Structures are given as structure tokens and as C-alpha cells.
Amino acid sequence: MRKQLKSLFQPKSIAVIGASDDKTSVGYAVMKNLLDGDFKGRITPVNLKHKLIHGLKSYYYIKDLPEPPDLAIITTPAYAVLQVVRECGEAKVGGLAILSAGFSELDEEGKHRLERIQQIAREYNIRVLGPNCLGFINPHLGINASFSTRMASAGNIAFISQSGALGIATLDWAIEQNVGFSYFVSVGNMADIGFADMIDFLGTDAHTSCILIYMESLKETRRFMSAARAFARYKPIIVLKAGRSLEGQRVAASHTGLLIGNDVVFSAAFQRSGIIRVAKMAQLFNCAQSLAMQPRPNGNRLAILTNAVGPGVLSTDYLIANKGKLALLSEKTYDQLNEALPVRWSHRNPVNILGDADSELYGAALKILLKDPNVDGVLIIMTHLSLTNPVEVAKEIVKINKHAPKPILAAWMGESSVREAREVLEAGKVPNYRYPESAVEVFLFTYQYNRNLELLHITPPEEPQQFKPKRKKAEELIRKVQIEGRQQLLESEAKELLSYYELPVPEYCLATNPDEAIAFAEKCGYPVALKVATPEIYHKSDIGGVVLDLNSATAVKGAYRKVVNNLKQALPDVEETGVIIEPMMNHQFELLLGAKKDPVMGPVIAFGKGGINVGIYKDTRLGLPPMNMALARRMIEKTKIFPLLKGYRNQSGVDLEELAFIICKFSYLVMDFPQIKELEINPLAMGENGTAVLDALVVLEPLDAGISLRPHSHLIIPPYPGRYKKWVTTKNGEKVFLRPIRPEDEPMELEMVNKASRESLYYRFFGYVPKITHEFIIRFTQIDYDREMAVVAVVNNANGEEEMIGVVRIVGDPWGEAAEYAILVADEWQGQGLGSQMTDYILEIGKDMGLKQIYASVLSSNKGMINLFKRKGFTIEREDFETYKVELELT
């Protein structure tokens with residue numbers, strides 16, 4: 001895939017289809033931009049009516065060119081685009097950028113055209129940017145393949161925009177601010193190339209250090225999450241997501257559905273994938289600047305160094321309001337500041353060193369603050385007063401910044417009087433802002449980014465390790481309800497389903513008359529609670545369908561009649577199904593644990609304060625399955641009720657480990673059944689007397705909804721596929737364990753690759769490679785198990801530690817039909833039949849993944865691999881002088 005995208009974004013030859021000398025046309029603007037740039041390759045116009053355009057020979061059809069170009073830019077009217085795309089496919093063009101408009105997804109004809117572009121691209125295995133896009137700019141190659149009037153300068157920021165108009169405005173702003181780009185890409189309607197493809201491509205691009213995205217909508221969320229998780233650790237991804245709509249809440253059945261809006265789901269997904277989400281355009285570039293210049297903060301404790309009271313107070317207010325902390329300076333720091341600063345300094349954080357502070361005082365205070373272990377970063381504020389020299393202070397800060405282990409941010413307030421000082425800070429890699437609030441904002445964004453990165457290595461297994469759910473019984477119950485034509489389970493059925501996953505469901509009874517209710521109450525003991533049982537009512541208390549604290553048979557009988565009558569009044573035609581009766585439970589806390597299937601992001605789990613007032617408190621936090629104990633704990637800790645749950649003053653808390661385990665069990669239920677549309681426990685009662693599910697709601701998809709029942713296909717983060725595991729024996733009798741690769745295998749793979757011989761690496765990477773780095777290998781260990789599979793061969797070494805001795809992988813195409821194969825076996829294990837057995841297993845897995853074809857390129861000098869491919873039934877054809885292309889159809 002990278003080879004195809006490289007052909008498109010780093011072309012050696014370009015054709016412009018629809019090129020024109022008409023100055024009002026897009027074809028004219030694109031040709032002019034290409035010719036005015038520093039592109040060294042061949043530029044060819046294609047036009048049905050003209051033989052000469054912009055002084056260059058023009059061809060009538062793309063097939064008439066002497067050789068196919070790497071990139072064809074299509075600027076023709078929309079009605080002609082489909083035919084042109086097919087002609088490009090037949091001519092074996094490397095890639096397409098369709099700038100033509102007229103492909104709106106809001107009308108049927110536009111949708112049809114988009115679908116046809118996708119079909120043709122798939123037929124000819126050609127990658128397409130657009131349609132309805134601005135194009136792209138590659139400043140490092142001098143390519144302006146767009147109709148923008150400005151050319152971006154070269155830099156290390158990649159900018160991807162879904163809006164062409166916003167892209168043009170951003171480019172104009174960036175030029176004025178001297179911001180440089182590695183790539184500037186408008187993706188348009190994303191018929192083919194989307195955000196995931198761009199992240200994959202830019203993640204391994206040497207010129208790109210940070211990826212900025214303006215996003216309006218998202219397709220292929222699972223691929224996007226996979227790509228982001230693969231690269232976010234080493235190349236920050238900053239997203240401005242527009243369209244914060246809450247429309248999806250209107251059709252929600254449960255409290256959970258009402259609490260989970262689509263926008264907050266995006267935020268939860270971005271956190272899980274290590275993405276920084278911002279709310280304003282300025283924040284995109286502010287964050288990128290800081291991350292490019294400064295180390296990331298390890299905490300949210302900020303020290304503020306200022307020469308004026310007002311800006312320090314404003315900065316503090318903004319910091320606290322946005323969940324940051326003012327650093328509590330140590331006694332040692334106070335002693336050192338007292339010795340270095342004038343007597344009248346503020347003696348607290350913010351450290352106000354007064355209006356006449358010079359560069360020496362600023363420098364002394366900064367050095368002291370950076371050494372304090374309670375400080376995670378320092379914000380320096382300078383207001384230009386008559387006795388201060390902004391430039392000299394800036395020079396001192398830059399000098400200290402060269403060796404600073406913590407982030408330093410600056411706010412030189414003013415305009416013309418501090419412009420030169422800002423230039424000094426910029427050149428010295430100290431991020432600077434006009435307003436201190438902007439600096440605080442960036443500090444907190446980068447801190448949260450650091451926190452989010454902790455989640456990247458977490459890939460919970462598909463099979464729970466600490467309990468054994470009764471999946472078969474749960475599946476039978478769900479199927480029964482769907483066959484009956486119902487979507488909502490009775491409360492008794494919902495609790496039965498939860499019990500199959502060992503969730504704490506108390507003893508209960510479905511009573512169909514008052515005598516049955518009384519008999520159960522006598523058996524379990526008073527007091528009891530009684531609730532009407534019907535799938536027609538989501539919130540029973542709204543119609544008077546719940547009665548609590550019943551202490552006698554008479555009370556139970558009266559309550560039974562009362563809730564049944566209330567039901568008949570609310571819904572006269574509803575069929576009476578009885579009541580649920582269960583023991584009352586004394587508890588301190590009523591919590592909510594719910595899940596909802598988001599139309600874009602799939603299942604989302606919510607946890608927080610529960611009860612009937614849940615919609616008022618709105619104290620919930622979201623997480624995405626799969627979940628483990630660490631992720632569950634983080635959800636719990638982010639709620640406002642958390643301090644009470646862990647125990648506050650003289651009040652006892654709850655068993656937090658039990659609560660986290662309950663969330664994990666709940667997550668597995670959501671993972672295992674894509675048929676579940678909404679699922680809610682409210683309240684989940686917890687206290688000294690134990691934990692119990694007091695009420696439960698389950699809403700299913702209709703039986704004819706057509707949802708995929710393939711395991712975990714509804715999740716945007718696939719769990720670790722632990723089902724793929726196998727022991728094999730080498731020719732010399734050694735036992736070797738085969739299993740899918742894990743993110744934490746990165747050090748093992750790095751060690752294996754760096755120990756490999758030059759010949760082994762030459763055969764694997766088609767050329768001699770220098771020492772492979774941590775940053776390079778991470779892409780091979782953090783993978784999307786849907787489109788890619790890597791199986792490692794491991795043994796225990798002499799120290800009893802796991803050691804990697806081989807890895808085989810298949811990387812799927814964008815359509816999930818074919819995958820490219822590659823293998824590396826440690827030198828000392830070659831010739832033992834291990835490569836053959838690993839190949840057999842990865843082919844078996846490829847079939848299970850639904851792939852139709854496996855292919856590879858192999859050097860003609862690699863006789864061992866060629867023989868292996870022959871034995872496995874691959875067809876072998878000469879690709880060029882040095883390589884063969886091999887293919888195997890999976891049946």
C-alpha cells in the first residue's frame with residue numbers, strides 16, 4: 001500500500017487530465033502551479049481539444065502517453081470522471097487525484113458516482129485521492145498539485161483537511177506565520193484514500209514529525225484507530241473535529257443512551273488511540289509547535305514565573321478551571337528563591353519577580369523552578385515595562401532551554417515592543433504565545449497526550465482469563481428473544497443474561513400473581529422491592545411501576561395491584577407479564593454501568609453515578625471495549641464520585657478492584673454480542689452489604705438488521721486474537737510456540753532484527769539496511785489484527801525468558817481481499833523447517849480472515865524462499881531482473 005501512495009504523493013511524472021489555457025478553469029490553475037514549482041519530473045497535459053497547453057505537448061487520452069505517469073490529476077467535469085478513472089486504470093497509472101466537484105453524498109447521483117469510483121479503483125487496484133478535493137502539496141519535492149493560489153514552504157508538519165476552503169485559509173495563515181509543511185493534503189469526499197491511509201503513509205515519512213487533521217466525518221473507524229495507535233507515540237496526531245452533534249441521543253432508550261452523545265464518543269476514541277483533540281484551529285498549530293520544540297510534561301503541575309500580578313492570576317484561574325494544578329513548591333525551592341530574588345517577590349506560585357526584573361533574575365528563578373521535583377513545566381510571562389528588556393530575557397531563557405529536562409512555555413505580552421524577543425524565543429525552540437492562557441492550554445493538551453499514550457500498549461485478550469462466561473446460554477437467550485420478534489428483554493431476562501457473565505445479580509422472582517409474590521417475599525425475607533415486568537416501559541419509575549421497602553404480605557399484595565394498575569393506565573393495550581420481586585438491599589452508592597452502540601464508533605461503555613437522577617448529575621465517563629483492569633480503573637478514577645468510592649473522611653468506600661472487575665465482565669458481554677444495541681445496569685448498588693444489580697435493561701438489534709456476527713467485527717479496537725496459538729517442532733526436535741504478535745513484543749523483535757545477518761535483512765527488506773531503530777520497529781508490533789496478522793515464533797532462552805526467533809506476517813489490501821506476505825527467521829534457526837511451518841500457519845490464518853489471495857515479491861537470489869513458495873503451490877513469475885512475484889489463491 002505504501003508503494004502505491006508513494007507513487008501518488010511522491011511522483012516522478014504527472015499528467016493533468018482536463019488541463020487548460022483558460023485562466024478561469026481548475027485545469028489551468030493546477031498546470032500553472034505545477035510549472036511554477038520546483039518539481040523536477042515530467043508534467044504532461046491531457047485534453048480532448050488541444051494539442052498544446054501551457055507550451056507543452058498535450059495528448060487526447062491518457063493511454064496515448066509514451067509511458068503511464070505515476071500520478072494523474074483529474075480536473076474534468078463530474079460527468080466525465082468515471083470514464084477517465086477507468087481509462088487511467090487501463091493505462092496502469094500509479095495513482096489519481098480527483099479535484100472535480102459534483103460528488104456530494106447528499107444526493108443519490110453523487111452517492112452513485114462515489115460508489116462507481118470505488119468499484120473502478122478496486123477493479124484496477126489504483127489509489128484515489130478525492131473527489132471534490134483541493135489536491136495536495138509536497139513542498140519538499142516542489143509539487144503543488146492543487147488549485148490553491150499559494151505554495152506551502154517546507155517543514156515537518158503534515159496537514160490533512162476534509163475541507164478544501166478551510167485548507168486554503170489555513171495555508172494562507174501558515175505562510176504568513178512561517179509555518180512549514182511536509183505535506184498539505186485535502187482528502188475531499190474520501191472515495192478511497194482516507195485519514196487511516198494518510199496516517200499510515202505519513203507515519204513512516206522522514207519529513208513528517210507531527211500530523212494535524214481537520215475532520216468533519218470519519219469512515220472506516222477501525223482502520224483509523226489502528227493507524228493512529230501505531231504512530232501516535234512517535235508522531236503526535238492532533239485532530240480538530242467539527243460537527244459536535246447530539247442528534248443521535250434523541251432515539252436512545254436508556255439513561256446510557258441519553259448520556260452518550262456522538263461527540264463525547266469521539267473524544268473517548270481519540271484518547272484511547274493517543275490522539276490530541278483540540279477545539280480551535282489555533283490550538284492545532286500551538287500544540288504542534290510545542291511538541292516539536294519541547295519535552296512532554298510528566299504531570300499537570302505548572303510553575304508560573306511572571307513580572308506582573310494580573311497575568312499570573314489569569315493563568316492560574318485558567319489552569320485550575322481546566323483541571324491543571326499549580327505546582328506546590330518544595331521548601332528547598334523556597335529557600336533558593338529567597339536567596340536569589342528580591343525580598344518583595346511573591347513568596348508563592350505564581351512566582352512574581354516584580355516589574356523591574358532583568359534577565360539575570362528571570363534566569364536564576366527559572367533554573368530553580370526546573371529543579372523542583374514537584375514542577376512538571378514552567379510558564380514564563382513577560383510584560384514589557386520601562387525597566388525590562390524583553391530581548392535579553394528571551395536570550396537567557398533560550399540559553400537555559402538548551403538543557404532543560406522539562407517543558408518551558410513563554411508568553412511575551414504585547415506586539416511591536418516584544419516582536420524581536422519572540423523571534424529570539426522561536427529560533428531558540430521556546431514556544432511562545434501572545435496570551436498566557438494559550439500557553440496553559442498547550443501545557444494541558446500535551447500532558448493529556450502523555451497520559452493517553454499509556455493506553456496504546458493495552459490490547460486486552462479476546463478470551464477472559466479470570467472468569468468463564470456461559471456464552472452458549474447467553475447466545476440462546478438472545479436468539480430466543482429475537483425470534484419472538486422482540487428487541488427489549490424483560491428485566492428477568494436481562495438479569496439472566498448478566499448472570500451468565502458472573503455479574504452480581506441478586507436472587508429474584510418473576511411473579512405472575514400476588515400469591516407468588518408473597519410466597520417469594522416470605523421465602524427471602526422482608527423488606528422487598530417490587531417492579532412491574534414489561535418490555536414496553538424503559539423507565540418503570542416514570543409510571544409508578546416501582547415500590548420499595550415492602551415489609552409484609554399485605555404490603556406486597558397492595559403493591560402488586562398498584563403497579564399493575566399503573567401499567568394499565570399508562571399502556572391500556574399492553575399484555576400483563578407480572579412483576580419482579582427481590583430483597584431490598586441497603587447500600588451507600590447507586591452507580592450506572594451501561595453500553596450503547598454508536599453508529600460510527602461501535603459499542604461504548606459508560607460508568608458513573610447512577611439512580612433515577614443520573615440525567616441531572618451527568619457524572620459519567622466513557623471507555624471503549626475491549627477493556628482490562630487498568631482501563632476500568634482509569635474510567636472509575638475520572639468520575640466525580642470517585643473520591644467517595646475510595647472512601648472520604650469517615651465514610652467507607654467500596655471495593656474498587658471488585659468494581660473494576662465488574663466493568664471488565666460487562667465489557668466482555670458487550671464484546672461477544674454485536675446483537676446488543678443498548679445495555680444498562682442502573683442502579684448497580686454497592687456498599688458494606690455487598691454489590692448487586694438492582695435493575696437492568698437490554699435492547700437488541702432486530703433479527704433482520706443484517707449485522708455481522710463475525711467475532712468482534714463491531715469493535716473499533718480488536719482484542720488480541722489469542723485463539724491463534726500453536727506448538728510446532730523443528731527438525732532437531734526443539735519445541736517452538738507460535739502466537740500473534742503483541743505491542744509489548746517490540747523489544748524482542750528489535751533485538752532479533754538487530755542480531756540478524758546482513759544477508760537475512762537484505763532478503764527481508766530488499767536491500768541493506770542500517771541498524772533498525774525502536775521508532776521503525778514499532779509499526780510492526782502495533783498492528784490492526786483485522787487487516788494485518790503477524791505470528792511470532794518464541795522459545796525460552798537459557799535465562800528462562802521468552803525470546804523471539806522468527807516472525808511471519810500478512811498485510812491486507814484496503815479491501816480485505818489480498819495480503820502481502822513476509823517472513824524473517826533468526827539465522828541460527830534457519831534450515832530447521834521453522835519457516836515452512838510458520839508459513840503454513842499464516843496461510844491457515846489468512847483463510848480464516850477471509851482473504852482470497854496471498855502474494856509476495858522475492859529476490860531472485862533468495863533460492864531458499866523460491867523453493868519454499870514452489871512447495872506451497874505459489875505461482876511464480878518474473879517481476880523484473882532482480883525479483884519474482886509469487887501468488888497463491890486461498891480456497
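User: What span should helix H14 have, and how far apart are its end C-alpha atoms?
Analyst: H14 covers residues 390-401, and its 12 residues should span 16 Å at 1.5 Å a residue. The end C-alpha atoms are 16 Å apart, which agrees. The expected span is 1.5 Å times one less than the number of residues. Helices here are DSSP runs of H or I with at least four residues, strands are E runs of at least two, and both are numbered from the N terminus.

User: Where do the numbers come from?
Analyst: This is a predicted model, where local features need pLDDT of at least 70 and side-chain atom pairs pLDDT 80 or more, while totals for chains, interfaces and linings use all residues. Residues are numbered from 1 along each chain as its sequence is written, and side-chain values use heavy atoms, without hydrogens and water.

User: Back to H14. How many of its residues are buried?
Analyst: Nine of the 12, so H14 is largely enclosed by the rest of the structure. Buried means under 20% relative accessible area, exposed over 50%, and partly exposed in between (1.4 Å probe, protein chains only).

User: Which ones?
Analyst: Pro390, Val391, Val393, Ala394, Glu396, Ile397, Val398, Ile400 and Asn401.

User: New topic. Is Ala121 buried or exposed?
Analyst: Buried, with a relative accessible area of 1%. Ala121 sits in helix H4, residues 108-124.

User: How far is Ala121 from Ala191?
Analyst: 9.3 Å in space, C-alpha to C-alpha, and 70 residues in sequence.

User: And Tyr61, where is that?
Analyst: In the loop between strand S4 (56-57) and strand S5 (71-74). Tyr61 counts as partly exposed because its relative accessibility is 35%.

User: Zooming out, how many helices and strands are in the chain?
Analyst: The chain has 29 helices and 38 strands. Its radius of gyration is 32 Å, close to the 29 Å from the globule rule for 891 residues, so the chain is as compact as a globular protein of that length. That radius is taken over C-alpha atoms, and the rule is 2.2 Å times the number of residues to the power 0.38.

User: What are the spans along the principal axes?
Analyst: The C-alpha trace spans about 100 × 85 × 70 Å.

User: What share of the chain is buried?
Analyst: Buried residues make up 57% of the 891.
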